[in-house]
Amino acid sequence: MATNAFVVRDSAGLMGLVALGAALSGGQYAWTLPFAWLSFSFFAPAPTSTPMQVATWMLLPPGAAAGTWTALALTVVGTAAYAVAGPRR
């Protein structure tokens, strides 16, 4: 079972990725960015360094700072991009 913190963190980060995907490639293909990032996370090496922790933020435990800050950054950037540019047509 996943903890509430894990679900909230990953949901917020994925929302930001979807918003960024919609701003970059339109609503029809907004799903591709989160799907590609998750697919990469499964095949990436073990998250022993900070860049790999950022790359695999969705799979890190809820207390990991790199996962929390990455999700927060994606939420802010994706929401801002969508608010400014809207979905691409």
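This is a predicted model: local features need pLDDT of at least 70, side-chain atom pairs count only at pLDDT 80 or more; totals for chains, interfaces and linings use all residues.
R9 is in contact (heavy atoms within 4.5 Å) with W57, M58, L60, P61, P62, A64, G67, T68 and A71, leaving aside its neighbours within four places in sequence. Residues are numbered from 1 along each chain as its sequence is written, and side-chain values use heavy atoms, with hydrogens and water left out. The briefing begins with the overall fold and then turns to individual residues.

**Overall fold**

- The protein has 4 helices and 0 strands; both kinds of element are DSSP runs numbered from the N terminus, a helix being H or I with at least four residues and a strand being E with at least two.
- In sequence order, the pattern reads α-α-α-α.
- The radius of gyration of the protein is 13 Å, close to the 12 Å that the globule rule gives for 89 residues, so the protein is as compact as a globular protein of that length. This radius is taken over C-alpha atoms, and the globule rule is 2.2 Å times the number of residues to the power 0.38.
- The C-alpha trace spans about 40 × 25 × 25 Å along its principal axes.
- Of the contacts between residues at least 6 apart in sequence, 57% join residues at least 24 apart.

**Surface and interior**

- The protein exposes about 5500 Å², and carbon and sulfur atoms supply 74% of this area. Accessible areas come from the Shrake-Rupley method with a 1.4 Å probe, and for residues only the protein chains shown count as cover.
- Buried residues make up 33% of the 89 residues. Buried means under 20% relative accessible area, exposed means over 50%, and partly exposed lies in between (1.4 Å probe, protein chains only).
- In soluble globular proteins, nonpolar side chains tend to be buried together.
- The largest nonpolar core consists of 5 residues, namely L17, W57, M58, A71 and L74. Such a core is a set of buried Ala, Val, Leu, Ile, Met, Phe, Trp, Tyr and Cys residues joined through side-chain atoms within 4.5 Å.

**W57 and its surroundings**

- W57 counts as buried because its relative accessibility is 0%.
- Not counting residues up to four places away in sequence, W57 touches R9, D10, G13, L14, L17, W37, G67, T70, A71 and L74.

- R9 is located in helix α1, which covers residues 4-25. With a relative accessible area of 7%, R9 is buried.
- A polar atom of the R9 side chain lies 3.0 Å from the backbone oxygen of W57. The R9 side chain also reaches the backbone oxygen of L60, at 2.8 Å.
- D10 is found in helix α1 as well. Its relative accessible area is 9%, so D10 is buried.
- Leaving aside neighbours within four places in sequence, D10 is in contact with W57 and M58.

**Aromatic pairs**

- The whole structure contains 2 aromatic pairs. Rings of Phe, Tyr and Trp (its six-membered ring) pair if their centres lie within 6.5 Å; planes under 30 degrees apart count as stacked, over 60 as edge-to-face and the rest as tilted.
- The rings of W31 and F35 have centres 6.0 Å apart and planes at 65 degrees, so this pair is edge-to-face. F35 counts as exposed, at 52% relative accessibility.
- The rings of W37 and W57 have centres 6.4 Å apart and planes at 80 degrees, so this pair is also edge-to-face. The pair links distant parts of the chain, 20 residues apart: W37 is in helix α2, and W57 is in the loop between α3 (50-55) and α4 (65-85).
- W37 has a relative accessible area of 23% and is therefore partly exposed.

- P34 lies in helix α2, which covers residues 32-43. At 10% relative accessibility, this proline is buried.
- Apart from neighbours within four places in sequence, P34 is in contact with L14, L17, V18 and M58.
- P34 and L20 are 14 residues apart in sequence and 9.5 Å apart in space, C-alpha to C-alpha.
- L59 lies in the loop between α3 and α4. Its relative accessibility is 44%, so L59 counts as partly exposed.
- Leaving aside neighbours within four places in sequence, L59 is in contact with S41 and F42.
- L59 and A81 are 22 residues apart in sequence and 25 Å apart in space, C-alpha to C-alpha.

Notes:
A polar contact is a pair of N or O atoms within 3.5 Å; within protein, one must be able to donate a hydrogen and the other to accept it, and residues adjacent in sequence count only if both atoms are side-chain atoms.
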